[in-house]
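I opened this model to look up a few local features and to write down what I found, together with the cut-offs behind each term.

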Amino acid sequence: MNSSELGALNDEALIDDLKALVQKEKALTHLVLDYLREVESRKLFLARGYSSLYSFCTEFLNYSEQEAQIRIQAMRLVKTMPIIEEKIKMGELSLSVAAQLQTTFRKEDSRRKEQGQPSMSVQEKTEAV
């Protein structure tokens, strides 16, 4: 629908359509993460000539650098913490916050590794969330 068609909608129809679109967007975001996880698992980005999932996302899928990074980080967090998937699906956790959590957990794991400590457990991560 273009902007002139939107202008023809009454207020209720516009709001109802917008609400439905937001629900679809959330469902699609969840699916994109699932697909990215499978692409990474199968290393399909390599088969397509891309050196990384990130370059596949930016060059092939045309995500901006930030959009690609957020989705990849969120997908990796979901992979290690399935509870996050439901929080994203329900709109309780945004992709950007999930990506920030993944980055924080990765940094903490690196710090612990340097000190000879074990990586964060799923329980520790869950409590942090």
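The entries below go through salt bridges, aromatic rings, surface patches and backbone angles in turn.

**Ground rules.** I am working with a predicted model, in which local features need pLDDT of at least 70 and side-chain atom pairs count only at pLDDT 80 or more, while totals for chains, interfaces and linings use all residues. I number residues from 1 along each chain as its sequence is written, and the side-chain values use heavy atoms, with hydrogens and water left out.

**Salt bridges.** I began with a search of the whole structure, which finds nine salt bridges; the term stands for a side-chain nitrogen of Lys or Arg within 4 Å of a carboxyl oxygen of Asp or Glu.

I looked at Arg37 next, and noted a salt bridge with Asp34 in which the closest N and O atoms are 2.7 Å apart. Arg37 and Asp34 are three residues apart in helix 2, so about one helical turn separates them; helices here are DSSP runs of H or I with at least four residues, numbered from the N terminus. For exposure I use relative accessible area, where buried means under 20%, exposed means over 50% and partly exposed lies in between (1.4 Å probe, protein chains only). On that scale Asp34 is partly exposed at 21%, and Arg37 is partly exposed at 23%.

Arg37 also forms a salt bridge with Glu85, with the closest N and O atoms 3.8 Å apart. This pair links distant parts of the chain, since Arg37 sits in helix 2 and Glu85 in helix 6 (residues 82-89), 48 residues apart.

Glu38 is partly exposed, with a relative accessible area of 37%, whereas Arg42 counts as exposed at 54%.

Ser96 has its place in helix 7 (residues 95-114) and is partly exposed at a relative accessible area of 35%.

**Aromatic rings.** The structure holds three aromatic pairs. Why is the pair of Phe56 and Phe60 stacked? The ring centres of Phe56 and Phe60 are 5.0 Å apart and the planes stand at 20°, so the pair is stacked. The cut-offs are centres within 6.5 Å for a pair of Phe, Tyr or Trp rings (for Trp, its six-membered ring), with planes under 30 degrees apart counted as stacked, over 60 as edge-to-face and the rest as tilted.

Both Phe56 and Phe60 lie in helix 4 (residues 53-60), four residues apart, about one turn of the helix. Phe56 counts as buried at 8% relative accessibility, while Phe60 counts as partly exposed at 47%. Together with Tyr50, Phe56 and Phe60 form one aromatic cluster.

**Surface patches.** Patches are made of residues with over 30% relative accessible area and no salt bridge, like charges being joined within 9 Å and nonpolar side chains (Val, Leu, Ile, Met, Phe, Trp, Tyr) within 5 Å. I noted a surface patch of negative charge in which Asp11, Glu12, Asp16 and Asp17 gather. Asp17 is found in helix 2 (residues 11-42) and is partly exposed at 35%.

Met1, Leu6 and Leu14 make a nonpolar surface patch of about 300 Å². Leu14 is placed in helix 2 and counts as partly exposed at 37% relative accessibility.

**Backbone angles.** Most residues other than glycine have a negative phi. I therefore marked Lys43, which has a positive phi of about 55° although it is not a glycine, and which counts as partly exposed at 48% relative accessibility. Asn62, also a residue other than glycine, has a positive phi near 65°, and Asn62 is exposed with a relative accessible area of 62%.

Key:
Accessible areas come from the Shrake-Rupley method with a 1.4 Å probe; for residues, only the protein chains shown count as cover. Lys and Arg count as positive and Asp and Glu as negative; His and the chain ends are not counted. The place of a charge is taken as NZ of Lys, CZ of Arg, CG of Asp or CD of Glu. Helices (H or I, at least four residues) and strands (E, at least two) are DSSP runs, numbered from the N terminus.
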